[in-house]
Amino acid sequence: MRSLQMRLVFVLVLLIVSVMVIVGTFMLNQVSVYYFNDFTEQMNSVFNAELFAMLKNEAQAENGAERLDAALEAYSSSMRISSYRNYYILDGKTGSTLFGSNDEKVVRTPAIISALSGKIGQEKRVSSRYIDRANPIIVDDEVRYIVYIKDTKQDQQRLTSSMFTIILRTMMFALLFAVLLSFVFAKTITTPIENITKGAKKLSMGELDTKLVVQTNDEIGTLTETFNDMAAALNATLAKVEGERNKLDTMFLYMTDGVTAFSRNGELIHFNPAAVEMLSFDANAATSFAEVFKDCGIELDDVLNMEGSFEEYNIETGEKTLKISFALFGKAEEERGIIAIIHDFTAQQKLENSRREFVANVSHELRTPLTNVKSYTETLAESPDAPDEMKERFYSVILNETDRMTRIVKDLLTLSRLDSAKMDWKNEMFSLKKSVENAYRAMEMEARRHGHKLTLSVDESLPSFYGDRERIEQVFINLLSNAVKYTTKDGKIDFSAEDYDEYIKITVKDNGIGIPEKDQSRLFERFYRVDKARSREMGGTGLGLAIAKEIVEHYGGEIKLESVYGSGTTIWVILPKNPEGEAV
């Protein structure tokens, strides 16, 4: 910017100096022209016809030269004869000096040569060192004498010197003024440009709200306004781009599918947390395609050379089932890359497996009693004369198997209603203490029949509970029923209900056969049995604990289990209370 200002100053000063030199030269030249024209006018005015006639008469006298000298001396003032302007009387034939206003010998000049031929001669060049005029005095058709006037231009030189000094001084002052004026003028141009440059630098540094003050209404003012419009448009555009980028970042950050992007050389460009979790790579250390997909058996070259622009891989790594979709992006060769979308199908796969297992379990659970019913019915149909005792036993088996199928269907309908949120909940405030006691009384006889000791412990402060009393009691009975079934003879079962500040805890603890550790995490799955043969023998459907879990979770509670195989099992039901201390 400084260089621009100096260039402007230099150009302006050079322009002013050039103009002043041209004007000065013109003025000095005009002085010379004026002096030359003045000399010519003076000579024409003095040497008129009357003077020529007089000089001709004087020249005819015997001492003509002397008399011409006297006549010219009389006209000295008119001719402005001085030390730098003199007159001379020359011989008309030889051009030699006869008389003059000084003793200088005249050198023949073009004007004298012209006068010798009978013509008035005068120096025509303004730039000559002198000005002269030669007037021939013709007598009897011959040049008798020549009156020669010569001016050495000393007066002009003094005038020119004085004018040159004045012009030079004027030029110095004008130059100084021009420099100052040029700086001011250049500043008026460069200052807005400097402001625009500073504004541009601020924009490049991210200060997008930069706005310049428009100081003039000229082109620079228009440029400033355009800059402000550009900055506003850029700010709006970048804000929009930033908003879109934030949306994409948020989407990538929280989307459940994993996303990774790589350059054509396999360099890791982008990834989201879901990708790290699914592929189990080190987010701080992984930098390449091979490191990210090290456990998937996928090669970079295979992806780059895939047919088309999209390809999918189904990968099983560890306990995960992943579907990885690769696509190419970028049109130019150097801009091409790979984007990978990773979808975790583990849950879907487990759900599909559970669905298949569920269908298989339902089919198996129903097929067994149906087979029994069919077999016993066919036997009765084919043996009408069978003993009454055998018929009675067969009818009992058919009735038991029918009841078993009824329980299975009923439990399946209950689970279906729970899953589809179509369960008809009969919520009301009821005494949880009484419900615990009801469940205890309902299972007391069954426990005695198996030779177990069933004990009950209930806090007197146990609050009322808002919910479906029948469903809550069903949970307690299911838990007690399992404890009775899977506790060896003469076992002990403790049934208790405790009141805490924020929740109610119901506990069923037995010293039965316990549950192996590998089965504990699946105990609440539908139709899952640790001992399938014994469960069916006991009349269980394999759905009781699943139903209990759904009911408890519906009311914001949870079921916890702790078991040591061979030593017994403890199950806790945790039900939350409202802030007033009443159960919700």
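This is a predicted model: local features need pLDDT of at least 70, side-chain atom pairs count only at pLDDT 80 or more; totals for chains, interfaces and linings use all residues.

Arg-144 is partly exposed, because its relative accessible area is 25%, and that class sits between buried, under 20%, and exposed, over 50%, as judged with a 1.4 Å probe and protein chains only. Its side chain meets that of Asp-140 in a salt bridge at 4.0 Å, N to O, where a salt bridge is a side-chain nitrogen of Lys or Arg within 4 Å of a carboxyl oxygen of Asp or Glu. Asp-140 is exposed, at 67%, and a network of salt bridges links Asp-140, Glu-142 and Arg-144.

Residues are numbered from 1 along each chain as its sequence is written, and side-chain values use heavy atoms, leaving out hydrogens and water.

The salt bridges come to 15 by this rule. Which residue pairs with Asp-151? The partner is Arg-85, with the closest N and O atoms 2.8 Å apart, and since Asp-151 lies in strand E5 (residues 142-151) and Arg-85 in strand E1 (residues 85-91), the pair ties together parts 66 residues apart in sequence; strands here are DSSP runs of E, at least two residues, and helices runs of H or I, at least four, numbered from the N terminus. Both Asp-151 and Arg-85 are buried.

Lys-433 and Glu-437, by contrast, both lie in helix H13 (residues 432-449), 4 residues apart, about one turn of the helix, and they too form a salt bridge.
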